Amino acid sequence: MFARRILAALTLTVSLTGVGLALSPAAPAAAYDYNFGAIAYDNYGGTAAAWNYPTAQAAADVVEAQCGEECGYFTFYNSCGAVAYSNDGESVAWARGYDTHEGARRAALRKLGAGVPGHIARSVCTDR
């Protein structure tokens with residue numbers, strides 16, 4: 001709290017004197033060269049997702065903690081991924097490395113198989 005007051009006073013003082021001061025905020029979490037994401041899925045339609053992590057392992061750790069060790073998962077970077085389930089619950093398919101949510105969703109549904117009705121359970125994109 002004390003640091004905020006000093007920073008506010010410094011900013012106000014600098015503004016009033018007409019001196020330009022540019023304080024750079026901390027880099028956002030998505031400012032990595034490679035932004036990794038992961039999607040986890042279980043046999044019952046459950047999913048978990050993580051995006052904009054600095055490593056594939058960091059993203060995988062997050063989804064495994066959310067979904068559990070019984071879940072499968074996949075990782076991707078600087079792109080989109082999606083998980084689809086067949087409507088009868090018998091099949092799961094996933095896609096990664098697509099430029100858009102829609103591209104990843106279409107690919108996951110296509111991977112279920114020709115004529116297999118399904119739905120998207122989760123899709124996510126990292127920053128690029």
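1. Terms and model. Helices (H or I, at least four residues) and strands (E, at least two) are DSSP runs, numbered from the N terminus. This is a predicted model, in which local features need pLDDT of at least 70 and side-chain atom pairs count only at pLDDT 80 or more, while totals for chains, interfaces and linings use all residues. Residues are numbered from 1 along each chain as its sequence is written, and side-chain values use heavy atoms, with hydrogens and water left out.

2. Overall layout. The chain has three helices and six strands. Read from the N terminus, their order is α-β-β-α-β-β-β-α-β. The accessible surface is about 8,100 Å² (Shrake-Rupley method, 1.4 Å probe; for residues, only the protein chains shown count as cover). Carbon and sulfur atoms hold 54% of that surface. Of the 128 residues, 30% are buried. Here buried means under 20% relative accessible area, exposed over 50%, and partly exposed in between (1.4 Å probe, protein chains only). Contact means heavy atoms within 4.5 Å. Among contacts with a separation of 6 or more, 50% join residues 24 or more positions apart.

3. Val-63. This residue belongs to helix α2. The helix spans 56-67. Val-63 counts as buried because its relative accessibility is 0%. Beyond its neighbours within four places in sequence, Val-63 is in contact with Ala-38, Ile-39 and Ala-40, with Ala-48, Ala-49 and Ala-50, and with Gly-68 and Tyr-73. Thr-47 is 16 residues from Val-63 in sequence, and the two C-alpha atoms are 8.4 Å apart.

4. Ala-84. Strand β4 holds Ala-84. The strand covers 80-86. Ala-84 also has a relative accessible area of 0%, so it is buried. Outside four places in sequence, its contacts are Ser-91, Val-92, Ala-93, Ala-108, Leu-109, Leu-112, His-119, Ile-120 and Ala-121.

5. The β3-β4 loop. Which residues deserve a look in the loop between β3 and β4? Ser-79 is one of them. It is buried, since its relative accessible area is 5%. Leaving aside neighbours within four places, Ser-79 is in contact with Gly-97, Tyr-98, Val-124, Cys-125, Thr-126 and Arg-128. Asn-35 is 44 residues away along the chain, with a C-alpha separation of 8.4 Å from Ser-79. Asn-78 sits in this loop as well. Its phi is positive, about 45°, although Asn-78 is not a glycine.

6. Asn-52. This is another non-glycine residue with a positive phi, near 65°. Most residues other than glycine have a negative phi. Asn-52 lies in strand β2, residues 47-53. Is Asn-52 buried or exposed? It counts as buried, because its relative accessibility is 13%.

7. Salt bridges. How many salt bridges does the count come to? The answer is two. The rule asks for a side-chain nitrogen of Lys or Arg within 4 Å of a carboxyl oxygen of Asp or Glu. One pairs Arg-105 with Glu-102, with the closest N and O atoms 4.0 Å apart. Both residues lie in helix α3 (residues 101-111), three residues apart, about one turn of the helix. The other joins Glu-102 to Arg-106 at 3.8 Å, N to O. Glu-102 and Arg-106 are about one helical turn apart because they are four residues apart in helix α3. Shared partners therefore link Glu-102, Arg-105 and Arg-106 into one network of salt bridges.

8. Arg-105 has a relative accessible area of 29%. Glu-102 counts as partly exposed at 39%, and Arg-106 does so at 47%.

9. Negative patch. Asp-61, Glu-64, Glu-69 and Glu-70 form a patch of negative charge on the surface. Patches are made of residues with over 30% relative accessible area and no salt bridge, with like charges joined within 9 Å and nonpolar side chains (Val, Leu, Ile, Met, Phe, Trp, Tyr) within 5 Å. Asp and Glu count as negative and Lys and Arg as positive; His and the chain ends are not counted. The place of a charge is CG of Asp, CD of Glu, NZ of Lys or CZ of Arg. Glu-70 falls in the loop between α2 (56-67) and β3 (72-77). It is exposed, because its relative accessible area is 76%.
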